[in-house]
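Reader: I'd like to walk through a model and learn how to read its features one at a time. Can we put it up and start?

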Amino acid sequence: MSRPGSLANLKVIDASRVLGGPYAGQILADHGADVIKLEPPAGDETRGWGPPFLDDAASYFLGLNRNKRGIAVDLAQPAGRELLLELLEGADVFIENFKTGTLERWGLGNEELSRRFPRLIHARISGFGADGPMGGLPGYDAAIQALCGVMSVNGELGGQPLRVGVPVVDIVTGLNAAIGILMALNERTSSGEGQFVETSLYDCGVSLLHPHLPNYYLSGKVAAPAGSAHPNICPYDSFATGTQPIFLAVGNNRQFATLCDMIGRPDLPEDERFAANSQRIANRDALKVALETALAAFDCADLSDRLIKAGVPCGAVRTIDQVVADPHTIHREMVVDIGDYRGTGSPIKLSRTPASYRRAPPGFAEHTAEVLEERSIDADRYREALPGLDPGTAAKRGSRSTFD
């Protein structure tokens with residue numbers, strides 16, 4: 001029998017969409033929080049970001065909305081805004097990523113919410129924050145990667161800047177939002193007061209630039225794409241073997257000596273060009289030639305297994321299907337199955353109150369009636385703002401979201 005999660009006492013209204021906000025909401029939900037996902041009449045736009053699809057939702061939506069109950073509310077209607085206020089009664093957390101000024105225009109800005117609900121943690125995710133030269137402007141992950149310099153350090157050596165293949169800015173923004181929410185909840189235990197938590201894609205994108213920003217602060221040198229190589233550590237790169245590439249992440253002289261001994265080049269650590277990390281950085285090209293010449297005699301999978309067991313951090317450069325099938329992935333419960341739904345497990349492991357996987361992502365407005373009934377809210381009073389109660393609404397989705 002599963003135990004209640006560490007956040008089982010929390011009630012969360014998640015009115016966010018796309019990635020950062022929903023990801024933060026899923027973190028809380030996986031650890032027991034009762035998360036109500038509130039969608040506009042058109043639905044979270046990621047429901048349509050496919051193929052592939054499962055029923056009415058694309059894989060993109062499915063990856064971010066597990067363990068939530070779904071309702072649909074038209075907040076463009078006065079009745080919808082009244083209903084939101086009813087839902088926030090007794091809620092601990094409100095997550096949203098409305099365009100800056102939208103809630104204020106509706107009379108539901110943070111000042112008003114704080115007055116009505118003094119214990120509420122109000123978490124907002126935005127592109128650039130509300131103020132400053134770019135305050136209030138919209139942002140998506142790839143555009144922020146470009147603006148924040150993430151693309152400028154990603155790409156092949158001598159090549160053009162390249163978008164990172166996963167939405168790292170959105171993901172780290174969601175993580176920071178969840179951290180901020182938990183910080184605010186902890187502070188509330190002593191003050192009894194809620195507060196406003198703000199995370200912006202721009203701030204989070206800048207925060208990702210380690211070690212490139214510290215390097216720039218000290219040297220004044222602007223980093224450029226360098227392939228898989230690390231600017232501060234060597235050998236820390238992808239290397240050809242006799243079969244497929246291997247990534248070596250050698251962080252100290254002991255690991256380097258072990259590597260060289262195992263590939264039949266115990267002489268390399270004695271070479272003054274490679275004796276310490278700073279020398280290896282200065283002579284990285286020569287070292288790569290020497291290592292790849294030796295590595296050509298080895299099978300990648302066998303060598304990487306032996307190296308890592310000997311204490312040398314490394315790994316074969318694998319494909320997504322290989323990662324999913326790996327016994328360690330399965331053992332770490334990083335693949336989750338709930339009926340037809342398959343998702344990625346929580347990386348946060350707690351010994352007494354682990355994450356649990358109770359619900360597949362909700363269908364559009366799937367739990368509207370259930371949520372209203374348990375809160376003793378009269379659905380008829382708000383029917384004009386509840387598209388999920390109208391059987392014809394699902395066919396109408398795709399119109400412009402009232403969250404824009």
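Reader: Here's one to begin with: is alanine 365 buried or exposed?

Author: Keep in mind that this is a predicted model. Alanine 365 is buried, because its relative accessible area is 7% and the cut-off for buried is under 20%. Look at its backbone too: phi is positive, about 60 degrees, although the residue is not a glycine. You'll find alanine 365 in the loop between β13 (341-344) and α16 (368-374).

Reader: While we're on the backbone, where are the cis peptide bonds?

Author: One joins proline 51 and proline 52, with omega at about 5 degrees. Proline 52 sits in the loop between β2 (34-39) and β3 (53-54). Another runs from cysteine 234 to proline 235, and there omega is near 0 degrees. Proline 235 belongs to the loop between α9 (212-219) and β9.

Reader: On to strands, then. How should I read the pairing, and in what order do β9, β10 and β11 come?

Author: The general idea is that strands of a sheet pair through backbone hydrogen bonds, either parallel or antiparallel. Here three strands make an open sheet in the order β9-β10-β11, with antiparallel pairing. β9 (236-239) and β11 (314-316) are the edge strands, each pairing on one side only. On average, neighbouring strands are turned by 15 degrees against each other, ignoring direction. Zoom in on β10 (residues 246-249): three bridges join it to β11, and isoleucine 246 has alanine 316 of β11 as its bridge partner.

Reader: Which helices lie across those strands?

Author: Helix α12 (residues 284-295) lies across β9 and β10, at about 45 degrees to β9. Helix α13 (residues 300-309) lies across β10 and β11, at about 160 degrees to β11.

Reader: How many residues of β7 are buried?

Author: Six of its six. Ile121, Ala123 and Ile125 are buried on one face, and His122, Arg124 and Ser126 are buried on the other.

Reader: Last topic: pockets. What is the volume of the largest one, and what lines it?

Author: In general, rolling a probe the size of a water molecule over the atoms shows where empty space is left. The largest pocket here has a volume of about 980 Å³. Its lining has 31 residues, and nearest the centre are Ser59, Gly63, Gly343, Thr344 and Gly345. The lining divides into 18 nonpolar, nine polar and four charged residues.

Reader: What about the second largest pocket?

Author: That one holds about 790 Å³ of space. It is lined by 30 residues, with Ala226, Gly227, Ser228, Ala229 and His230 closest to its centre. β9 and α12 are the elements that give two or more residues to this lining, and α12 gives the most, with four.

Note on methods
Residues are numbered from 1 along each chain as its sequence is written. This is a predicted model: local features need pLDDT of at least 70, side-chain atom pairs count only at pLDDT 80 or more; totals for chains, interfaces and linings use all residues. Side-chain values use heavy atoms; hydrogens and water are left out. Two strands pair if DSSP finds at least two bridges between them. Axes are lines fitted to C-alpha atoms, for helices over the stretch in contact, and angles run from 0 to 180 degrees between N-to-C directions. Contact means heavy atoms within 4.5 Å. Buried means under 20% relative accessible area, exposed over 50%, partly exposed in between (1.4 Å probe, protein chains only). On a 1 Å grid over the protein atoms alone, a cavity is a set of points where a 1.4 Å probe fits but cannot get out, and a pocket is an open set with protein on both sides within 12 Å along at least five of seven lines; lining residues have an atom within 4 Å of a point. Grid points are joined across faces, edges and corners, and a volume is the space filled by probe spheres set on the points. Ala, Val, Leu, Ile, Met, Phe, Trp, Tyr, Cys and Pro count as nonpolar, Asp, Glu, Lys and Arg as charged, and the others, Gly among them, as polar.
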